[in-house]
Amino acid sequence: MVPVDLCVNGIISSAWDIAERFRTEILPDPEIPIYNFCTEPNNCITWGDFTHTTIKFGSMYPTMKAIWYLCYANNPNILLHYLSIIFLHYVPAVVCDIIAVLIGRKPRLLRSYKKIHRFMDVIEYFSMREWEFQMDNTNGLWRRLSSADQKLFFFDLRQINWDYFLEQYFCGIRRYLLNDPMETVPQAVVRWNRLYWVHQVTKVIVLLLLYKLTMSVWGMLS
């Protein structure tokens with residue numbers, strides 16, 4: 001995971017670097033340089049770190065437009081993953097969309113989940129594997145920039161404070177994608193706490209229903 005604005009800065013800087021090499025070198029290297037842009041071991045962020053941090057800031061800056069409490073987990077088991085999609089995504093989405101149609105509103109949740117799942121399929125190959133990339137060309141490019149250009153086209157991931165970045169990430173989603181101003185945070189926190197208890201009560205009810213269903217089936221088979 002890398003911030004897209006830093007990636008753009010790196011692309012602009014790499015174009016300058018190539019032009020500068022051909023302008024100043026008598027015999028430029030014919031090999032096309034590869035500029036990998038990724039985090040390094042001394043300042044990387046794992047999916048577990050990302051999950052923990054986004055849950056933290058999601059609870060600190062909830063939105064008034066939330067329809068349910070945040071429930072987010074990484075599941076490496078493919079069977080449990082698909083069962084979670086069916087029972088935690090598709091079933092609630094169908095129920096909510098049916099209610100939306102009944103009250104005269106446009107159903108959107110199922111379509112939104114389908115988009116999310118398509119994105120998950122795209123990144124699955126990369127997110128479920130461990131990768132190692134060499135950053136020598138990119139780090140060398142950073143050192144060749146002047147101090148002024150380093151400020152203007154900043155892309156040094158070794159200096160990123162991920163906690164601060166993800167806090168701004170969440171606030172940006174809230175403000176610019178959901179059009180929910182930061183002034184509504186206190187009211188949203190109150191509503192978020194109510195959703196938390198609704199979420200917990202719903203889990204208890206579902207577990208009791210599953211227990212009752214299991215005992216009924218067991219009684220029929222006995």
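This is a predicted model: local features need pLDDT of at least 70, side-chain atom pairs count only at pLDDT 80 or more; totals for chains, interfaces and linings use all residues.
Visitor: Which residues line the largest cavity, and how does its lining divide by class?

Guide: The lining consists of Cys-38, Thr-39 and Glu-40, then Met-135, Thr-138, Asn-139 and Trp-142, and finally Phe-155, Asp-156, Leu-157 and Arg-158. By class, there are five nonpolar, three polar and three charged residues in that lining.

Visitor: Taking Thr-138 from that list, is the residue buried or exposed, and what is it in contact with beyond its neighbours in sequence?

Guide: Buried means under 20% relative accessible area. Thr-138, which lies in helix H5 (residues 136-144), has a relative accessible area of 5% and is therefore buried. Once its neighbours within four places in sequence are left aside, Thr-138 is in contact with Tyr-35, Asn-36, Phe-37 and Phe-155.

Visitor: Turning to helix H7, what span should its 16 residues have, and how far apart are its end C-alpha atoms?

Guide: The expected span of a helix is 1.5 Å times one less than its number of residues. For H7 (residues 162-177), the 16 residues should therefore span 22 Å, and the end C-alpha atoms are 21 Å apart, which agrees.

Visitor: What is found at the start of H7, and what follows the helix?

Guide: At the start of H7, a side-chain oxygen of Asn-161 comes to within 3.1 Å of the backbone nitrogen of Asp-163, while the helix is followed by Asn-179, whose phi is positive, near 50 degrees.

Visitor: Which residues of H7 are buried, and what covers them?

Guide: The buried residues in H7 are Trp-162, Leu-166, Glu-167, Phe-170, Cys-171, Gly-172 and Arg-174, and their cover includes helix H2 (47-60) and helix H8 (185-221).

Visitor: Where does the largest share of the lining of the second largest pocket come from?

Guide: A pocket, unlike a cavity, is an open set of points. The second largest pocket, with a volume of about 160 Å³, is lined by residues including Met-1, Phe-50, Phe-165, Leu-166 and Tyr-169. Helix H1 (4-24) and H7 are the elements that give two or more residues to this lining, and the largest share, three residues, comes from H7. The residues of the lining divide into eight nonpolar, no polar and one charged.

Definitions and conventions:
Residues are numbered from 1 along each chain as its sequence is written. Side-chain values use heavy atoms; hydrogens and water are left out. On a 1 Å grid over the protein atoms alone, a cavity is a set of points where a 1.4 Å probe fits but cannot get out, and a pocket is an open set with protein on both sides within 12 Å along at least five of seven lines; lining residues have an atom within 4 Å of a point. Ala, Val, Leu, Ile, Met, Phe, Trp, Tyr, Cys and Pro count as nonpolar, Asp, Glu, Lys and Arg as charged, and the others, Gly among them, as polar. Helices (H or I, at least four residues) and strands (E, at least two) are DSSP runs, numbered from the N terminus. Buried means under 20% relative accessible area, exposed over 50%, partly exposed in between (1.4 Å probe, protein chains only). Contact means heavy atoms within 4.5 Å. A polar contact is a pair of N or O atoms within 3.5 Å; within protein, one must be able to donate a hydrogen and the other to accept it, and residues adjacent in sequence count only if both atoms are side-chain atoms. Grid points are joined across faces, edges and corners, and a volume is the space filled by probe spheres set on the points.
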